[in-house]
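Dear colleague,

I am passing a structure to you for your files.

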Amino acid sequence: MRHYFGRKLLVYALTFVVAVTVNWMIPRFMPGDPVAGMLARTGVSQPAAVEAMRVYYTDLFGFDRPLWEQYAGFWATLLRGDFGISIWLFPTPVSTVILRAVPYTLALMIPAVLLSWWAGNRLGAYAARRRLLDNTVLPVGYVLTAMPYMWLAVLLAWGLGVVAGWFPVAGGYAFSLQPALTGEFLLSLLHHWVLPFLSLFLVALGGWAIGMRNMIIYELESDYATYLAALGAPSRLIRRYAFRNAVLPQITGLALQLGVLVAGALVTEIVFSYPGLGSLILKAIQNQDFFLLQGTFMFIVVGVLVANFVIDLVYVVVDPRTRAGMAGAQA
Amino acid sequence: MTLTVTDLRVSYRTLGGEVKALDGVSFGVRDGEILGLAGESGCGKTTLGKSLIRLDGRMRHVGGTVELDGRELPIADDRRMNAFRFHEVSLVPQYAMSALNPTRRIGRMVAELLKSRGVRLDRDKLERRLDLVGLPREVLDRYPLELSGGMKQRMVMVVSTLLDPSLLVADEITSALDVSTQKAVARALLGFRDSGFVKSMLFITHDLALTSHIADTIMVMYAGRLTEKAPADVMVKAPRHPYTRMLINSLPEVGVRHAERPLSGIAGSPPSLLDPPPGCRFRDRCPLADEGCAEDPPVTETEPDHFVACWKA
């Protein structure tokens, strides 16, 4: 057990180091100069003043030091939990900017991931037993899962937002409101949440339903199911066993899907101008905001790693075969 | 008679048409009798075993009846058949290695299975049966993958016979085991019969040597039909059907150097059951065949309890 988790943690640690390094590299090797951009926005035209500001900012952000020093400094501040100061929203610290956006992304992602997984599994299992349902769920599932997130998002925004007018198509809450803990604000929040949630939910749902349907059919034809049927066990029991065993690969799938879903959430947020991490990344790129970009990426990397680790733990609990593998036994 | 099978016909639906896997098979199994069912692959022995407990989706009951303890088994009616399964007819399957749900502790799975059949788990009885087959009681707290192949096999045997069925169908249960485990399994089966856990048994195998050790009667099938049925010792010593004789002669013997006496097989292969030719089905491979064999040979009782389907016997 300790050996197993030791190895897992080592792999996660290595992944983290590589991700952080890549994360540090990407914005720095992007074309363009962030300080020049900032100076352009200030609208100062006096060359001497511009030069003074350039020196000040370059020194402040440490761009004048050699790359390896920047890299080491990056790690040092990172380990202190300091992500630096945003260039775009100067002088707000990056952590503050991110923490403001995180609730929106999580409120979108967590229900979308878990509900689509749950509903997809149910739907797939149900499709496996009814031919009629199978003939509808399967094609619809394929269409949904093949659909790019932003395409579905645009369709939903157009259909339910612009044409039907049921839901707003942009923002996290009505522009006329200020964030506050009032019923009106919460309602507006929920109202704005529906479409982005739905677009993430539907795309993921199709994939889960197809996967589950195939797994259940496979399990129902397995030897233990045949044996139970020969002993006259009711199909309720057989289906329960089949479902439970078919869910195991779906749990692995959930771990793999998390990364994809994060990316999906990014584009969806951009389509709906939702004030989460996705919109933040777009803004960071547009403004050459290295620190903000690094901070958001870091947050996503850590999120995916933690989620995968949780799934590793869940797997150990639900599948006895993993436990045997940990003891070094041959399954 | 525990089991009486009369003119049973079962076929498989395939894209090419109906494959007549069982084409009019009649036989009986007495109380306490172990009937060994032998024959080469595709002769219909597994189909026969399955027909007695559960037809799979591709199988179709064409005709004939099966009677168990004087009651007719509704073998074509999956739902009505359920009442008999496990209670009256039970099965130790070919695939005993993978017959247990891999993600349930064995004890819990057994309890859930029994509960679903409306029976309360008698823990004492279960433990006594485990003792009988030489399994430690702790296996109930283990997962199937923690057991060896032979242990899983014995576990399945215990589960299948827990409700003391009248008839146990044991389908190729020793094929995947090594010789010493085969012996343990065969002994356990005999023990089950002798203790009255199962009244009678259908022991399906392609291993004639092993069958002759545990079966009281041996029945040989060929291409969906019965060829010969006789008490085990008679079958081994004085088979009458040419197919049975050749089958027994083709078994290797320990101590015989086959360079001196080549191991003979039976040339040719069984006819297609999609559209079998009329007459004796062994005709094409039989050294004794003549024009008379173009007619179906009836199953006749040449001596008491010795049935042969051959014009030449």
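The notes below describe the chains, their contacts and several individual helices and residues.

This is a predicted model, in which local features need pLDDT of at least 70 and side-chain atom pairs count only at pLDDT 80 or more, while totals for chains, interfaces and linings use all residues. Residues are numbered from 1 along each chain as its sequence is written, and chains are lettered from A and ligands numbered from 1 in the order in which they are written.

**Chain A as a whole**

The secondary structure of chain A consists of 13 helices and zero strands; helices (H or I, at least four residues) and strands (E, at least two) are DSSP runs, numbered from the N terminus. The C-alpha trace of chain A spans about 90 × 55 × 35 Å along its principal axes. Of its 331 residues, 33% count as buried. A residue is buried if 20 or more other C-beta atoms lie within 10 Å of its own, exposed if 12 or fewer, and partly exposed in between, with C-beta atoms placed from the backbone. Among contacts in chain A between residues at least 6 apart in sequence, 72% join residues at least 24 apart. Two residues are in contact if their C-beta atoms, placed from the backbone, lie within 7 Å.

Chain A is divided into domain 1 (2-30 + 95-326) and domain 2 (32-82), with bounds that come from an automatic or database domain assignment. The C-alpha centres of domain 1 of chain A and domain 2 of chain A are 37 Å apart. Seven residues from domain 1 of chain A and six residues from domain 2 of chain A form the contact. On the side of domain 1 of chain A that touches domain 2 of chain A, there are four nonpolar, two polar and one charged residues. In this classification Ala, Val, Leu, Ile, Met, Phe, Trp, Tyr, Cys and Pro count as nonpolar, Asp, Glu, Lys and Arg as charged, and the others, Gly among them, as polar.

**Helices of chain A**

The axes of helix H5 (residues 94-127) of chain A and helix H6 (residues 131-146) of chain A come within 8 Å and cross at roughly 135°. Axes are lines fitted to C-alpha atoms, for helices over the stretch in contact, and angles run from 0 to 180 degrees between N-to-C directions. H5(A) and H6(A) are therefore oblique to each other; angles under 35 degrees count as roughly parallel, over 145 as roughly antiparallel, 65 to 115 as roughly perpendicular and the rest as oblique. Leu123(A), Tyr126(A) and Ala127(A) of H5(A) meet Leu133(A), Asp134(A), Val137(A) and Leu138(A) of H6(A). The residues of this contact divide into six nonpolar, no polar and one charged.

Helix H12 (residues 290-318) of chain A has 29 residues and reaches 42 Å from its first C-alpha to its last, close to the 42 Å expected at 1.5 Å a residue. The expected span is 1.5 Å times one less than the number of residues. Buried residues in H12(A) include Phe290(A), Phe291(A), Leu292(A) and Ala307(A).

**Where the chains meet**

In the contact between the chains, 23 residues of chain B touch 19 residues of chain A. Strand E6 (89-92) and helix H3 (106-116) of chain B each supply at least two residues of the chain B side, and the largest share, three residues, comes from H3(B). By class, that side has eleven nonpolar, seven polar and five charged residues.

**Inside chain B**

Helix H5 (residues 149-160) of chain B has twelve residues and reaches 17 Å from its first C-alpha to its last, close to the 16 Å expected at 1.5 Å a residue. Ten of the twelve residues of H5(B) are buried, so this helix is largely enclosed by the rest of the structure. Its cover includes E6, H3, helix H4 (123-133), strand E7 (167-171) and helix H6 (179-194) of chain B.

Val29(B) is found in strand E2 (residues 17-29) of chain B and is buried, with 23 other C-beta atoms within 10 Å. Not counting residues up to four places away in sequence, Val29(B) touches Met1(B), Thr2(B), Leu3(B), Leu35(B), Ser200(B) and Leu202(B).

**Two positive phi angles**

Ser273(A) has a phi near 45°, a positive value in a residue other than glycine, and lies in the loop between helix H10 (235-271) and helix H11 (277-286) of chain A. Asp69(B), also not a glycine, has a positive phi of about 50°.

With kind regards
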